[in-house]
Amino acid sequence: MNKRTFLIRAAALLVGIGIGLPATSAEDRFIVVQSTTSTQNSGLFDVLLPEFTRKTGIEVRVVAVGTGQAIKNAQNGDGDVLLVHAKAAEEKFIADGGGVERFDVMYNDFVVVGPPADPAGVSGSKDVVASLAKIAESKAPFASRGDDSGTHKAELKLWRAAGVDVAAASGDWYRETGSGMGATLNTGTGMGAYILTDRATWISFGNKGDYEISVEGDKQLFNQYGVMLVNPEKHPNVKAEDGQAFIDWLTGKEGQDAIAAYKIDGQQLFFPNSTRPQS
Amino acid sequence: MATGLILSGNAELWTIVLLSLQVSLTAVVFAALIGMPAGAALAVGRFPGKRALVVLINALMGLPPVVVGLTVYLLLSNSGPLGVLQLLYTPTAMIIAQVVLVTPIIAALTRQVIEDLDAEYSEQLRSFGVSRLASVPTLLWDGRTSLLTALLAGFGRAIAEVGAVIIVGGNINHVTRVMTTTIALETSKGNLALALALGAILILIAIAVNGALGLIGTASGRAAHA
């Protein structure tokens, strides 16, 4: 084989696949939504987004990260719409001029899941604050997201309400995984820890083992999702019209109905509660 | 269960596999175009600070993907200096990140190969009146079989990393979702069997690519000695 044949063969092999593929649809009409792992891991987007795309021709590209990172990315203008679940942080984002207007979309609730042995004796409780206090008292392992996500923020709020200083217990019985909800469930169930999770992720989670819901039904476990357009005045690249179209659809009748219709094993995962006029 | 999942491989899976190959192979090509001449020049060049540069390039082989991803994200973000290019969350962004990761590996391994060849042939080349830098193409050509290993090492790094591509690509379904980010996603969903099956496919792909490049290497080696 001469030099030329070799080069041609090597080059063909290396780039052949790259060039042979159809270029990714860069000219397509699309928006980028910064959102959270719970909405993606639960499979909600898989049913919601195709419906919206069918109706409008706008493709929705979801970047699913923790709420903290999603807000940060939106602040950088890397996305057109923000759909997360940490109301206080969302309102701050709007107040800082990062977004235009925040709308309620849907809610679900958090639950505390735990091992069947129930070392803290909290199983069946409806009082999450008292249960957390019991977990702290018994020093039963607790796996926290530890990633500044919406769930993590909600969890920290509950610990404060319980008067427990988790920072002092970090690395002891309080274990921060610093990762997403699913990853934390994988880790937590592996170490026999209690875990605060949103119900949607828990229902759709495929590696539950013998874990069960220990604490549920407390009003304080309410988990509200909000949606907002990234401020096009601050970030001119934001696709304001298409982004707003998605928000209008999501908070309008069709989107709300689609959210309510999404079920796994007969259980509804998210409950629409947009306050915008439904037509 | 895992085998069944592989055998029932659907169109969705193929899109992901092909995108993985597209991104990583393209990255390796660009990294080779930069890294091989650079590594060879570093091998034959005589200049102050050369030893330090060699140490640096060798150290950069261990660049943490997540740090590369973060850096590329900050550059390509709409708030970053290259935001106007609108490359964030595209396969191009993933290629850029992998080029950054792979180039030092290819450059460092190339330098080693070429330095050895240079030690062997430099006197001969000099006697033909070939200058140090002008001897680079000849040396690269002569070391092509060994340099395949550099390519494969670079490809191995690119196809296996998740830290960089998940940050700059965003793991967007049908757009920037590749094998490793899919495995991470399925693991986080608790679908461990599926994640493992995807891992097995990833290894098969790596074997196939290595096998194909290995065949070229053997063929060219035989041709060279004929």
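Colleague: Which residues touch the most other members in the largest nonpolar core?

Modeller: This is a predicted model, to be clear. In its largest nonpolar core, the residues touching the most other members are A:Val81, B:Val28, B:Val72, B:Ala97, B:Ile106 and B:Val168. The core holds 132 residues.

Colleague: Which helix gives the largest share of this core?

Modeller: Helix 5 of chain B, with 17 residues. At least three residues of the core come from each of domain 1 and domain 2 of chain A.

Colleague: What are the bounds of those two domains of chain A?

Modeller: Domain 1 covers 30-107 + 225-272, and domain 2 covers 109-221. Over C-alpha atoms, the centres of the two domains of chain A are 26 Å apart. Their contact takes 17 residues from domain 1 and 13 residues from domain 2.

Colleague: Which elements give two or more residues on the domain 1 side?

Modeller: Helix 2 (37-41) and helix 4 (67-75) of chain A. Helix 2 of chain A gives the most, with three residues.

Colleague: How many nonpolar, polar and charged residues does that side have?

Modeller: The side of domain 1 of chain A that touches domain 2 has six nonpolar and eleven polar residues. It has no charged residues.

Colleague: Switching to chain B. How many helices and strands does chain B have?

Modeller: Ten helices and zero strands. The C-alpha trace of chain B spans about 65 × 50 × 25 Å along its principal axes. Of its 226 residues, 47% are buried.

Colleague: And what share of the contacts in chain B, with a separation of 6 or more, is between residues 24 or more positions apart?

Modeller: That share is 79%.

Colleague: Back to B:Val72. Which residues of helix 4 of chain B are buried?

Modeller: B:Val72 is one of them.

Colleague: Why do residues three or four places apart point the same way in an α-helix?

Modeller: Because an α-helix has 3.6 residues a turn.

Colleague: What covers the buried residues of helix 4 of chain B?

Modeller: The cover includes helix 5 (91-127) and helix 8 (163-169) of chain B.

Colleague: How far does helix 4 of chain B reach?

Modeller: Helix 4 of chain B reaches 16 Å from its first C-alpha to its last. It has twelve residues, 65-76, and that reach is close to the 16 Å expected at 1.5 Å a residue.

Colleague: Now B:Val44. Is B:Val44 buried or exposed?

Modeller: Buried, because B:Val44 has 20 C-beta neighbours inside 10 Å. The cut-off for buried is 20 or more. B:Val44 is in helix 2 (residues 11-44) of chain B.

Colleague: Which residues does B:Val44 touch, leaving out those up to four places away in sequence?

Modeller: B:Val44 touches B:Ile114, B:Asp118, B:Arg132, B:Leu133, B:Ser135, B:Val136 and B:Leu139.

Colleague: Last topic, backbone angles. What is the phi of A:Asp118?

Modeller: A:Asp118 has a positive phi of about 50°, and it is not a glycine. Most residues other than glycine have a negative phi. A:Asp265 also has a positive phi, near 50°.

Colleague: Where is A:Asp118, and where is A:Asp265?

Modeller: A:Asp118 is in the loop between strand 4 (99-114) and helix 6 (128-138) of chain A. A:Asp265 is in the loop between strand 10 (263-264) and strand 11 (267-268) of chain A. A:Asp118 counts as partly exposed because it has 15 C-beta neighbours inside 10 Å. A:Asp265 has 6 such neighbours, so it counts as exposed.

How values were computed. Residues numbered from 1 in each chain as written. Chains lettered and ligands numbered in written order. Predicted model: local features only at pLDDT ≥ 70, side-chain atom pairs only at ≥ 80, totals over all residues. Helix = DSSP H or I, 4+ residues; strand = E, 2+ residues; numbered from the N terminus. Expected span 1.5 Å × (residues − 1). Buried ≥ 20, exposed ≤ 12 C-beta atoms within 10 Å, placed from the backbone. Contact = placed C-beta atoms within 7 Å. Core = buried A, V, L, I, M, F, W, Y, C linked by C-beta atoms within 7 Å. Domains from an automatic or database assignment. Nonpolar A, V, L, I, M, F, W, Y, C, P; charged D, E, K, R; others polar.
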